2 protein chains.
Amino acid sequence: MAHFSFQEATDLVYNCFVANGCSGPNALQTARVVALAEADGCASHGLFRVPGYIRSLRSGKVSGSAVPQVSLKAPSVIQVNGDGGFAPPAHHAARSLVVDTAKSEGIAVVGFVNIYHFSALWADIEPICAENLCAFAFTSYLPAVAPAGGTKALFGTNPMAFGWPRTHALPMIFDQASSVVARGEVMLAARDGHTMAEGVGIDAQGHPTTDPKEILGGAMLPFGGYKGSAIALMVELLAGPLIGEVLSFEAAAIDNADGGPPRGGELLLVLSPDRIGGADWSTQSEKLFGKISEQPGARLPADRRYSNRQRSMQLGMNIPDSVVDKIKDLM
Amino acid sequence: MAHFSFQEATDLVYNCFVANGCSGPNALQTARVVALAEADGCASHGLFRVPGYIRSLRSGKVSGSAVPQVSLKAPSVIQVNGDGGFAPPAHHAARSLVVDTAKSEGIAVVGFVNIYHFSALWADIEPICAENLCAFAFTSYLPAVAPAGGTKALFGTNPMAFGWPRTHALPMIFDQASSVVARGEVMLAARDGHTMAEGVGIDAQGHPTTDPKEILGGAMLPFGGYKGSAIALMVELLAGPLIGEVLSFEAAAIDNADGGPPRGGELLLVLSPDRIGGADWSTQSEKLFGKISEQPGARLPADRRYSNRQRSMQLGMNIPDSVVDKIKDLM
């Protein structure tokens, strides 16, 4: 294991992005998000992911020099064209307009098109929720999940995130895929020869299986049966047709199969509790959070990430040598 | 069984509401929603429910003569004060402004406060989605669902609905509670001496149980584990603190326990695909719906309801004599 401070980890990723043709601003925004995922204990979105980012730069799929364009289509409607780059620079370019719009109009709806979303959704909304705003984010992905009752992968793993501001704490945020488990977990189980729990996936004929290799050749199942399937369908519509972007199966058809996410869209909805409901929102929601925390065994979404982050920021983090070596080899 | 046309069923309910002090317009809007649920095969929200509505009128909890007040707080932000009445008249009062706002501004956010929500959420959004708009609805309810990992009922069954317009068909709509099953199913099982599936609920000590009586004394569980719990938490925040209304546990504390829903709020979000993404939304989304329908076993949410409705409108519907007699006894 190699020991890194948050700043050292950010610098390593930044330098690797710049060495592979990223502009300074794009490298900085993306590196910060990658290092923050590592600090939060989300290793699958942390430095482990850098070779995937670099592959998509080298394959020419993602533009490291993208210049995102932000336009206001109506007083509360913003469109962001990511210019074929990573998601974090597009969010950074739009953020101040998004926050100002939500605060003045009460709501902002933001359609991101022509972006490549490698990162976690919580990173997109945390800075917005820190401004006393509530936010949703939705994005789709390569077809991997069968609709309830069906037999073939159609929906992406289609995550959604929701965040709620807290006056004296980091925002409450959840960020969850529409599949029972993440695809990465199935891949790890296949590599290590483990079986999956029942209900995670089906084989290529649509039959239930616990064999991760069969699931990878078949489809994952949505969480919670038909209810999670409805959520996956909703995300597909919001991150595609609503904002003028492609569906998961269309994204797959035009992807260059370099292993990274396909081109896609993301919908961001931002609401101001101050403007919509009035001044009591914080007192009210803290009562609810208190009632959750007083139940042994229950906890607020993101609490584990935030305690990991606090430890990482104070003590630094240990990153496997193999991960660090791979990044250095790419510079 | 008694045979009724849709109009005859609506008239029966209307007359019962008027006989119990409802104004004509309030009786009409509410009766239509009740009769439509019956026509759609949703018996639990159909005529079976009328005695519950009447109990809440007679107990003085719900105002039959409510006059909902609609106000525009910002170009895209609408507030509807239901004046202590049922939800359907509040929706009817706001609908034309909501639709016009979403079409002109691209989005409308609508906070309903001081309403009593006995009906299904799909009825609130179907007329809006019929105007080529996409809509979300969220409402909370009496505490019935434990947070994931917890042991005590805290969240309401907290349904959410989402609808997407279709140019040549009725809108795609799903409407689902955050619990694994509806509370009514647990009550029916308790009455009939059946057991529930594992994972539906816990007893008063927080232990898993399949005994419906133990579940009614304990708590129901959210669908899909911690992911459904996060959805229940989100609904609680959106239908409460965001719009200036109470949380489920606060609603319970002020309720008169007449058996009907407590006072509460509802959030409606309405988006215009035409204004946000552009003209291709319908072609795009129909491609997705086609891909779902071609998988044997998979189907679009609401398809079963719509085929029930078609049959009911053509052939009428059969309603148990006991249900009809109870309504007639209340007039």
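Me: Buried means a relative accessible area under 20%, exposed means over 50%, and partly exposed is what lies in between. Why is B:Asp192 called partly exposed?
Reply: This is a predicted model, and B:Asp192 has a relative accessibility of 39% in it.

Me: What makes B:Arg191 exposed?
Reply: The relative accessible area of B:Arg191 is 64%. Exposed means over 50%, so B:Arg191 gets that label.

Me: Why is the contact between B:Asp192 and B:Arg191 called a salt bridge?
Reply: The label needs a side-chain nitrogen of Lys or Arg within 4 Å of a carboxyl oxygen of Asp or Glu. For the side chains of B:Asp192 and B:Arg191 the N to O distance is 3.0 Å, so the pair meets the cut-off. Over all chains, a search of the whole structure finds 20 salt bridges.

Me: What makes A:Arg309 and A:Asp40 a salt bridge?
Reply: Their side chains meet at 2.7 Å, N to O. That is within 4 Å, so the pair qualifies. A:Arg309 lies in helix H12 of chain A, while A:Asp40 lies in the loop between helix H2 (24–39) and helix H3 (50–58), so the pair ties together parts that are 269 residues apart in sequence. Both A:Arg309 and A:Asp40 are buried.

Me: Which residue forms a salt bridge with B:Arg309?
Reply: B:Asp40 does, with 2.7 Å between the closest N and O atoms. This pair links distant parts of its chain: B:Arg309 is in helix H12 (residues 303–315) of chain B, and B:Asp40 is in the loop between helix H2 (24–39) and helix H3 (50–58) of chain B, 269 residues apart. B:Arg309 and B:Asp40 are both buried.

Me: Which residues are linked with A:Asp40 in a network of salt bridges?
Reply: A:Glu126, A:Arg305 and A:Arg309 are linked with A:Asp40 in that network. A:Arg305 sits in helix H12 (residues 303–315) of chain A. Leaving out residues up to four places away in sequence, A:Arg305 touches A:Asp40, A:Cys42, A:Trp122, A:Glu126 and A:Ile173.

Me: Why is A:Arg305 called buried?
Reply: A:Arg305 has a relative accessible area of 11%. Buried means under 20%, so the label applies to A:Arg305.

Me: What makes B:Ala135 buried?
Reply: B:Ala135 has a relative accessible area of 0%, which is under 20%, so B:Ala135 is buried. B:Ala135 is found in strand S5 (residues 134–139) of chain B. Beyond its neighbours within four places in sequence, B:Ala135 has contacts that include B:Ile125, B:Phe162 and B:Leu269.

Me: What is the phi of A:Asn158?
Reply: Phi of A:Asn158 is about 40°, a positive value, although A:Asn158 is not a glycine. The residue is in the loop between strand S5 (134–139) and strand S6 (160–164) of chain A. Its relative accessibility is 0%, under the 20% cut-off, so A:Asn158 counts as buried.

Me: Is B:Asp83 buried or exposed, or in between?
Reply: B:Asp83 is partly exposed, because its relative accessible area of 37% falls between 20% and 50%. B:Asp83 is in strand S3 (residues 77–86) of chain B. Its phi is near 60°, which is positive in a residue other than glycine.

Me: How do you know that the two copies are related as by a two-fold rotation axis?
Reply: Chain B can be laid on chain A by a turn of 180° and a shift of 0.0 Å along the axis, with an RMSD of 0.0 Å. The two copies are therefore related as by a two-fold rotation axis. In chain B, the C-alpha nearest that axis belongs to B:Gly224, 2.0 Å away.

Me: How do you know that the copies meet through the same surface?
Reply: Of the interface residues of chain B, 100% are also interface residues in chain A, so the surface is the same. The contact involves 71 residues of chain B and 71 residues of chain A. About 5600 Å² is buried between the chains, 73% of it from carbon and sulfur atoms.

Me: How many salt bridges are counted between chain B and chain A?
Reply: The count is two. A:Glu250 and B:Lys287 meet in a salt bridge at 2.6 Å, N to O. That distance is within 4 Å, so the pair meets the cut-off. Helix H8 (residues 226–238) of chain B gives the largest share of the side that touches chain A, ten residues. The residues of that side divide into 44 nonpolar, 17 polar and ten charged.

Terms used: Residues are numbered from 1 along each chain as its sequence is written. Chains are lettered from A and ligands numbered from 1 in the order in which they are written. This is a predicted model: local features need pLDDT of at least 70, side-chain atom pairs count only at pLDDT 80 or more; totals for chains, interfaces and linings use all residues. Side-chain values use heavy atoms; hydrogens and water are left out. Copies are superposed by least squares on the C-alpha atoms of residues with pLDDT of at least 70 in both. Contact means heavy atoms within 4.5 Å. Buried area is the accessible area (1.4 Å probe) that two parts lose on being put together, summed over both. Helices (H or I, at least four residues) and strands (E, at least two) are DSSP runs, numbered from the N terminus. Ala, Val, Leu, Ile, Met, Phe, Trp, Tyr, Cys and Pro count as nonpolar, Asp, Glu, Lys and Arg as charged, and the others, Gly among them, as polar. Buried means under 20% relative accessible area, exposed over 50%, partly exposed in between (1.4 Å probe, protein chains only).
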